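Here is a brief report on the structure shown below.

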Number of protein chains: 2
Amino acid sequence: MLQNDPLRDHIISRFDGMSPQLQQAARYILEHPQEVALVSMRELSRNAGVQPSTMTRLAKFLDLPGYDDIRAHHAEALRFRADGFAARAMQHSENEQDMAAAQLSRRMLQGLATQIARLSEPASLERLAAAADRLAQARRVYVLGLRSCHSVAWHFHYVMALLGEKTIHLDGPADTVGDGLIRADAEDVLLAISINPYSRHSLELAQLAREKGLGIVAITDSEVSPLVGVADHAILCSTESQSFFHTLTPALAVSEVLCGLLANKDRTAALEALQRADRHLLSLNTYASAIPRRRL
Amino acid sequence: MLQNDPLRDHIISRFDGMSPQLQQAARYILEHPQEVALVSMRELSRNAGVQPSTMTRLAKFLDLPGYDDIRAHHAEALRFRADGFAARAMQHSENEQDMAAAQLSRRMLQGLATQIARLSEPASLERLAAAADRLAQARRVYVLGLRSCHSVAWHFHYVMALLGEKTIHLDGPADTVGDGLIRADAEDVLLAISINPYSRHSLELAQLAREKGLGIVAITDSEVSPLVGVADHAILCSTESQSFFHTLTPALAVSEVLCGLLANKDRTAALEALQRADRHLLSLNTYASAIPRRRL
DNA sequence: TGTCACATAAAACAAATGTTGCAAAGGTGT
DNA sequence: ACACCTTTGCAACATTTGTTTTATGTGACA
């Protein structure tokens, strides 16, 4: 992302004074600067989810004669960047500590990027597709992820809850984690997420589910993970990181892909469910786009 | 200039068989590839000194349906180069009702890999380092992430809790989310995670923290996120995905990098704390490496 | 010279683009 | 409740776009 861009700064500085629609347009432009130069205004507005006129109005709001000035500016920036690619000066931090920090960060991030990219190998893709199919045909999906894997399990459940009532998150205080399985049977599937070191509780519940006849889909970290033995489908993702800790980023990516695949099975239904959720949250006043005034 | 461009090679290989006007058009395109993507065909032809129709004829001569294919190709190449990274397929043009699962998965994963790789740009690295510094010098870190961002907040807290008692997770049932801030003051820092759409509750709590004098570090998705205004340090990560949903994978990666940086401030202390945590969990019999025999 | 094939220019065309005007909707303050 | 102002969606507008058609020119060969 480019830094010293006067128009960009101008948009940011005047952002707070914009109407919601103008903000939406501005936000899209800030986040997709290349697109501004590469596609027509109408297509841009379509992708940004606003009316074409909003783009023109945004231009006027920024004291520009018309939208073409916005485009011209971004086109110029793109020309510049494409040419002067080599001339990109990396600002070095003087601070030695910062330097080390930057290096560690970069190593971690590029490692993660590589691991996720590696998930797109054909073998993984097949496993993902198979797992998604199994989840799709289940009556209910019980989601289990304890300790570090809680984040993945919860996110999967949160997203799927937007689509419908199919998932049940196995979690709870006072050792009630497993209670959700009471009414589970062979028509259901357990999505179990666990990585090394494997939580004993997770494994016990997976085993219990197996005995109750549930199908089991696992997201785990190794071909020799104890989950592989009990699971019908296992998706493997690396958890190694350049830091002290294991990483759950690839696992989260896997979970998001599963959500995407499931939603893709019936796109219109998914869209409709999402719109319903949107309306519901809107009526609950759940979201805001600016810091709300403090209630007293 | 980029080399491996099939269309470019195609133009070159058929160049000798072209009429003079076609050659002139082709030559201009070869020498000004960016312009093809950035200006209209009529303007391009004007600059190239040929008739507009010549451009269309050139496209047909190259066995393409029309000129737009030439432009689309150059636009894609430019998108590619401007990012500096490989594998970019960010088009929403896939209206195919039932896209092949493998294809969707691959696009999602490669998109995520790209987004994470982009976080390792110098600007982001600096922000990460600054944020980590601020978190390190705080007495206590309050971690706030609601709704979809819960997964990230929780994971950060979970990892940091392995290192010590520095973090407090702002979460809880019965609308007690904010209670943790009761004893917070200017020596503390709030780590706020929120993405579009921004949860009103998160913003309110961030504002409250600000008023109590806490430092604020934000993980959010845009320069114009409402959090940017109240935060001392903001780290931006993309949330766009090729699926229906926003992605939190880059945000999780950011959080993991922050954990890594913090642990790195005092490696020996971190190592020791982790060993202590290990021993504790071991004595609790928390983990297992094989499916345990069922208790009766 | 005639005519044939082809390259080019000019004009005509439908489709799209960016812009503007207007009315409905939404919110604010009295 | 009312009037007032802003915001928004819609449709019409004149342009501009990429393409196709038509006309004009050019050179080769009998």
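In which strand of chain A is A:His169 found? A:His169 belongs to strand 2 of chain A, which runs over residues 167-169. The model is predicted.

A:His169 is buried: its relative accessible area is 16%, and the cut-off for buried is under 20%.

A:Arg127 sits in a helix instead, namely helix 8 of chain A, residues 122-137. Is A:Arg127 buried or partly exposed? A:Arg127 is partly exposed, at a relative accessible area of 32%. That value lies between the 20% and 50% cut-offs, so the residue counts as neither buried nor exposed. With residues up to four places away in sequence again left out, A:Arg127 touches A:Glu223, A:Ala234, A:Ile235 and A:Leu236. A:His233 is 106 residues from A:Arg127 along the chain, yet 7.1 Å separates their C-alpha atoms.

**Chain A as a whole**

Chain A holds 13 helices and 7 strands. How does its radius of gyration, 24 Å, stand against that of a compact globule of 296 residues? Such a globule would have a value near 19 Å. The C-alpha trace of chain A spans about 70 × 50 × 50 Å along its principal axes.

Of the 296 residues, 52% count as buried.

| Property of chain A | Value |
|---|---|
| Accessible surface | about 14000 Å² |
| Share of that surface from carbon and sulfur atoms | 50% |
| Distance between the mean positions of the 31 positive and 34 negative charges | 5 Å |

**Helix 5 of chain B**

Helix 5 of chain B covers residues 52-61. Which of its residues are buried? They include B:Thr54, B:Met55, B:Leu58 and B:Ala59. These four cover an arc of only 145° around the axis, so they lie on the same side of helix 5 of chain B. Just after this helix, B:Asp63 takes a positive phi of about 65°.

Methods
Residues numbered from 1 in each chain as written. Chains lettered and ligands numbered in written order. Predicted model: local features only at pLDDT ≥ 70, side-chain atom pairs only at ≥ 80, totals over all residues. Heavy atoms only, no water. Helix = DSSP H or I, 4+ residues; strand = E, 2+ residues; numbered from the N terminus. Rg over C-alpha atoms; globule rule 2.2 N^0.38 Å. Buried < 20%, exposed > 50% of the residue type's maximum accessible area, 1.4 Å probe, protein only. Areas by Shrake-Rupley, 256 points an atom, 1.4 Å probe, with all protein chains shown as cover. Lys, Arg positive; Asp, Glu negative; His and termini not counted. Charge placed at Lys NZ, Arg CZ, Asp CG, Glu CD. Arc of directions from axis to C-beta. Contact = heavy atoms within 4.5 Å.
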